There are 2 protein chains.
Amino acid sequence: MIAVVWHNLEMQSERLEYEDKLKEFVEIPSISAEPERRGDIERLADAAIAAIREFGGAAEKVSTPGNPVVVGRFGAFPDRPTVTIYNHLDVQPANEPQWKRAPFVFHKQNGRYFGRGTTDDKGPALAALFGTRAAMQRKTPVNVQLIWELEEEIGSPNFEHFMKASAARLGTDSVVVSDTIWTKRGRPAIAYGLRGLAPFRLVLETGAKDVHSGTTGGVARNPIGELCQVIAECYDAKTGEVKIPGFYAGVLKPTRSDMAGFLASGFTTKEFQRAHELKRIRSSSAEEAVRHIWAYPTFEVHGIVGGYTGPGVKTAIAPIAEAKISMRLVPNQDPAKVLRLVRDFIRKRNPDVQMIPESFLKPFLGPKSGPYADAAREAMRTAFGREPAWVREGGSIGAVVTMQKYLKAPIVFLGLSLPEHGYHAPNENFDWEQASGGIKMFARYLELLSAMGRGK
Amino acid sequence: MIAVVWHNLEMQSERLEYEDKLKEFVEIPSISAEPERRGDIERLADAAIAAIREFGGAAEKVSTPGNPVVVGRFGAFPDRPTVTIYNHLDVQPANEPQWKRAPFVFHKQNGRYFGRGTTDDKGPALAALFGTRAAMQRKTPVNVQLIWELEEEIGSPNFEHFMKASAARLGTDSVVVSDTIWTKRGRPAIAYGLRGLAPFRLVLETGAKDVHSGTTGGVARNPIGELCQVIAECYDAKTGEVKIPGFYAGVLKPTRSDMAGFLASGFTTKEFQRAHELKRIRSSSAEEAVRHIWAYPTFEVHGIVGGYTGPGVKTAIAPIAEAKISMRLVPNQDPAKVLRLVRDFIRKRNPDVQMIPESFLKPFLGPKSGPYADAAREAMRTAFGREPAWVREGGSIGAVVTMQKYLKAPIVFLGLSLPEHGYHAPNENFDWEQASGGIKMFARYLELLSAMGRGK
């Protein structure tokens, strides 16, 4: 088979069209976290449907109890495989004062595209659409199904509802998820694992009102102090090590080959620290760092609610406190089991502390070899001219676990974002280098898959 | 000497007059914590001056960089002692939704007086004023100096300024502080000690912005987790025991006689728990409880700032966190020394944590015997018909330590408030039983002191 060929003139006209479409999508502020944007969400869903139809596909807006999901379809080859490509079109809020320009006005500068949603995930979604059209124009005998979610940034609360209701109509041979980040420009990377997420709250109520720390202090219990104590018993915050017996029991240790892949991504702690503006980090070793972000679980306190938070010190003892905690879990940890471990551990130490788990996400691990991994590797190499590194994601993508459950098909990650694109950050951007590479990558991937049988 | 005699008719007319004055004072919302009440503070100072003058005294409003202090003077007996009686006329805010009536509308019901400031400390201030007038009317040869502060509820930020500037004109032979609470109605109590207060903040900055706990968790430091850890290293929140070596070194252990006095106050953990609406407390033994509130130091976390505090769990790692902490210290702990101990302890455990002390208050311990203690005991017994218990206050009164420093005179506490009066709580109240007893107590105390020489 010969790789899809691209002519310069063709790429130039693609570029203008891509920029037009990205501008259109970015300028609809589809912030899923803000209920008053519900109208914009619908507008964007309609624009997405129009774009898919314009590109020759069929499209429908599937309702859920929350935001709709856009489903697009290309190709009519009953005996050829169907590839589902997942992206999301909702975006993070953009209230950061550091935005240099209006976040929802598309701005083009030296091949870079600025605006909320450019890299996460509208730019990659459009690369998938353009790559699909290219494959279709070249008569690649493959079926493509686009799933564009509009609630990813708020934790995909209705994606399972959508999947459950539509799974029968969404039959697919494999899935591509396009919402991940490389470690470095010029170093293509394919993720093959995600951490899971197990958030919970600890609540301790010791009284009914603020009491005076002079009049009662010494006898009154202090719920904030006790939660601090419980948290410190759960983990060593300095090293990050979890002290709950059995917590690490299920952890699948990264192999040598895993570690080699992680390091091939070009990860350096210096760049990591700069990208995330961290004053100090726990380790300056790249090896330790990638192991801890991609292959080891965490215990994290996100906030403690209930006490005084104004200026200075107010000497009241709070009647109730709540700690916001989450754990990132890795293959093969079972979130339900780990949550039980934590609950039992805390109950033994402080039986008055209530543990309230929120809904969790399982970790994910895909293969680094086999037909889909090989096709992904080859597509990325063709598009970006370099062998991709096999890495993992420290984050969790709820939709992945849900699709795995309902579509029962292999999942590969073909992401296009870079650290400098500012995921969830002010001045978010994307660029033509990644977009054009992405279009080629998707077209090539589809071409490679068309040659495979169904259901491999 | 014969105790001051009170006739029924006289007490009835006192009562009406007392209620009128209390109404007038309570209905001026002198909330020192709310800058927009500055006008009310001045209005109350003027009303206080008018009341003192109306009662035959001289009065002046002494300015400070903050709220003024009202100073009243009665008696002109150069060779007789001067007694200074300290009260404060500013009040706590009254925003609690539990108020059954408007907090700044005086309301009388079955001998109880409702409204913010009735018991803390306008009611006792007026009892002192009425008691002083009674002594003067009986030609008691004593000089009385009233000091009415208007910033007590915000920590007396300018009281030292006032004292420093006016100490020369405020010469006194002894001081009475009238701002303490009995443990139980019918059980008069005299405090002879206060805990000190050493507040500080712990600040830990590890980054510049919220980071994603998936993308960075495991390598990014967590300032909230690390502060929890430091706090848990400082003290065992379950028992309250401070784990910093040397912390208890200076603590003057309560003697058997101290403990007997504490228990004579009628303290029970059941009533304590009910009064403060505490679901659970650290100990159900009255003995342990009074020891821990009145004679032992504490370490208390009042709040942790910096993380997520909305609903559910947001999985961001905060870049900076601040813990609000204070210690109540007891005789003979030295706050400066203890703060250094804490700082060194924390620095060793987590050198990146910044410790920022706020201004502290030293603990106070007065004598339970000697001429002033004897007079206080006798005055209280005469007024309330029962031997008072000698107790301490778990709280701290900044003005006490300042007066001790500048006036260099013995200090006794003659308080009138009861737990059911709702200090700093909604539906604050006072009552005629305590007020009339207070008037008699002050008159009798002045009479006893008039018989003493100067400067004893």
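B:Glu96 is partly exposed, with a relative accessible area of 22%; here buried means under 20% relative accessible area, exposed over 50% and partly exposed in between (1.4 Å probe, protein chains only). This residue meets B:Arg116 through their side chains in a salt bridge, 3.1 Å from N to O, where a salt bridge is a side-chain nitrogen of Lys or Arg within 4 Å of a carboxyl oxygen of Asp or Glu. B:Arg116 sits in the loop between β5 (112–114) and α3 of chain B, and B:Glu96 in the loop between β3 (82–88) and β4 (107–109), so the pair ties together parts that are 20 residues apart in sequence. B:Arg116 itself is buried, at a relative accessible area of 0%. Helices (H or I, at least four residues) and strands (E, at least two) are DSSP runs, numbered from the N terminus.

Before we go on, a word on the model. It is a predicted one, in which local features need pLDDT of at least 70 and side-chain atom pairs count only at pLDDT 80 or more, while totals for chains, interfaces and linings use all residues. Residues are numbered from 1 along each chain as its sequence is written, chains are lettered from A and ligands numbered from 1 in the order in which they are written, and side-chain values use heavy atoms, with hydrogens and water left out.

Let us stay with salt bridges in chain B. B:Arg133 pairs with B:Glu17, with the closest N and O atoms 2.8 Å apart. Since B:Arg133 lies in helix α3 (residues 118–137) and B:Glu17 in helix α1 (residues 8–26) of chain B, the pair ties together parts that are 116 residues apart in sequence. B:Arg133 is buried, at 10%, whereas B:Glu17 counts as partly exposed, at 24% relative accessibility. Another salt bridge joins B:Glu433 to B:Arg185, at 3.1 Å between the closest N and O atoms. That pair links distant parts of the chain, 248 residues apart: B:Glu433 is in helix α12 (residues 432–450) of chain B and B:Arg185 in the loop between β7 (174–177) and β8 (189–194). Over all chains, the search finds 82 salt bridges.

Now turn to the place where the chains meet. The contact (heavy atoms within 4.5 Å) takes 77 residues from chain A and 77 residues from chain B. About 6,400 Å² is buried between them, 57% of it from carbon and sulfur atoms; buried area is the accessible area (1.4 Å probe) that two parts lose on being put together, summed over both. A:Val219, A:Arg280 and A:His302 supply 11% of the area that chain A buries against chain B, more than any other three residues. Six salt bridges are counted between chain A and chain B. B:Glu205 forms a salt bridge with A:Lys279, at 3.8 Å between the closest N and O atoms. Helix α5 (residues 223–234) of chain A gives the most to the side of chain A that touches chain B, with eight residues.

How are the two copies arranged? Chain A can be laid on chain B with an RMSD of 0.1 Å by a turn of 180° and a shift of 0.1 Å along the axis, superposed by least squares on the C-alpha atoms of residues with pLDDT of at least 70 in both. The two copies are thus related as by a two-fold rotation axis. Of the residues of chain A, A:Cys228 comes closest to that axis, at 2.2 Å (C-alpha).
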